[in-house]
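Hi there,

Here is the structure I promised to pass on. Have a look at it first, and then read my notes below.

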Amino acid sequence: RQFHTLRAINDIDQAILSSLNRDAVVSTALSRMPNLLPGECFALVIFQPNSSDSAFVQLTVRVPQSGVLRTFADRIALPSELQQLQRDRSLQILLDPEHAPDFLLPLKDFGVTSVFVFPILLEHRPFAALVCGLSPTAPMTDEDIHHAIQVADQLAVAFSNVQLIEAMEQLHWGTLTALARAIDAKSAWTAGHSERVTQLALKIGSAMGLSSRDLQIMHRGGLLHDIGKIGTAPEILDKPGKLDPQEMQHMRDHVRVGVRILEPIAAFTEALPIVAQHHEWFNGGGYPEGLAGEEISLHARIFAVADCYDALVSDRPYRKGLPREQVVEMLREKSGVQFDPKVIDVFVRLCAEDGTLRITKDDDRLVGQTI
C-alpha cells in the first residue's frame with residue numbers, strides 16, 4: 001500500500017506540475033485523486049475575489065464511479081470559512097445549510113453528506129481548496145489526510161506556476177498590442193488597423209476550422225504584419241494623391257523591412273510568412289516574390305482578405321472609406337485572382353451571417369491598389 005501511495009503521489013505531482021493552464025491542473029488533479037484517496041467524489045474550488053467582500057467561486061466536481069465531471073460557478077459573499085481555511089490545514093464539514101458554505105452545497109447532489117476540505121494557499125491566502133467527499137464505507141485515516149495535504153501543497157505550486165505563465169502571456173500580448181498601436185499611430189489614417197485586421201483574420205481562421213495553435217500564430221503575426229512601416233516616410237503614408245513609382249516601391253518595401261525586423265526573434269519564425277506574404281496574390285500578381293496559390297501560406301492568404309477589407313472600408317488620405325457591402329462584393333469578384341477562393345467563401349458567409357452583405361455592383365479597381 002505504501003508503494004502504491006508513493007507512486008500515486010508521484011504521478012499526481014508530475015501530472016499537475018506539467019499542466020500549463022488552470023483548467024488542465026484542475027482536471028488532471030481530479031482524475032488522479034481516486035488512485036490515492038477513498039471518497040465518493042472529489043472537487044476543486046477556486047476563489048477569485050472581485051472586491052473586499054465578494055468573490056467568484058468555481059467548483060469542479062468529479063465522481064470516480066460514473067466519471068461525471070461538472071463545474072458550478074457563482075458570485076458570492078466571501079464566506080467566513082476562508083478565514084478558517086487560512087488557519088487549518090484540513091477541515092471536516094457537514095453538508096447542510098447550518099454547517100456548510102453555499103458553494104459546497106452542490107456536492108449534496110452527488111449523495112455526499114460530509115467532506116474534508118484542504119486549503120491551497122498562495123501568498124498565505126486561500127486561492128483554492130481540494131475537497132474530498134467522504135465515503136461511509138471507507139473513512140479517511142490520518143495517513144489519508146496527510147497525503148491529501150501533500151497534494152494540496154503541490155497544487156499550490158502548480159497554480160503558482162500557472163499564474164506566472166498567465167502573467168507572462170499577458171505581458172507578451174500586451175507588448176505585441178502596444179507595438180501594433182505604435183506602428184498604426186505613425187499615421188492618423190491607420191489607427192487601430194493592425195488590431196482590426198487581426199480580429200477579422202482570426203474570425204475567418206476560426207470559421208475555417210484552424211487549430212488553436214494556428215490561431216495563436218495568426219494572432220502574433222497579425223498584430224505586427226505592418227511593422228515594416230516603421231521605416232516608411234510619413235509623407236508617403238499620408239500622401240493625399242497617387243504615389244509615383246519610386247514612392248510605391250518605397251511603400252512596398254515595408255514587407256521586407258518587417259521581415260528583417262522580426263527575423264532575429266525565434267518566437268516569430270512561424271508568423272513571418274504573414275508579414276512576408278500578406279500582399280501576395282493568389283494568381284501570382286502580388287509582391288514581393290510573386291508567389292501564387294498554395295505557395296502562399298494559408299495564414300497569409302487569410303490576412304490578405306482581412307487586410308484589404310479593412311483598408312477599403314477605412315478612410316485614407318486619398319479617399320473616403322467605402323461602404324462595407326460594396327467592399328465585400330469587390331473582394332468576392334477578386335476570388336481566384338487576388339484572393340484564395342476558399343478564404344473568400346468563408347469571409348462572404350461570415351459577412352452574410354453578420355448582416356453586412358447586400359450585393360451591389362460597382363468598380364473594383366481599388367482592390368488591388370491597397371498597400
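Predicted model: local features only at pLDDT ≥ 70, side-chain atom pairs only at ≥ 80, totals over all residues.

Residues are numbered from 1 along each chain as its sequence is written, and side-chain values use heavy atoms, with hydrogens and water left out.

H1 covers residues 2–17; helices here are DSSP runs of H or I with at least four residues, numbered from the N terminus.

Thr5, Ala8, Ile9, Ile12, Asp13, Ala15 and Ile16 of H1 are buried (under 20% relative accessible area, 1.4 Å probe, protein chains only). Their cover includes H2 (22–32) and H4.

With H4 (residues 142–184), the axes come within 9 Å and cross at roughly 15°, so H1 and H4 are roughly parallel (angles under 35 degrees; over 145 counts as roughly antiparallel). The contact (heavy atoms within 4.5 Å) involves, among others, Ile9 and Ile16 of H1 and Val151 and Leu155 of H4.

H2 packs on H1 at about 165°, with the axes 9 Å apart, and the two are therefore roughly antiparallel. Here Asp11, Ile12, Ala15 and Ile16 of H1 meet Val25, Thr28, Ala29 and Arg32 of H2.

Best wishes

Terms used:
Axes fitted to C-alpha atoms, helices over the stretch in contact; angles between N-to-C directions. Parallel < 35°, antiparallel > 145°, perpendicular 65-115°, else oblique. Buried < 20%, exposed > 50% of the residue type's maximum accessible area, 1.4 Å probe, protein only.
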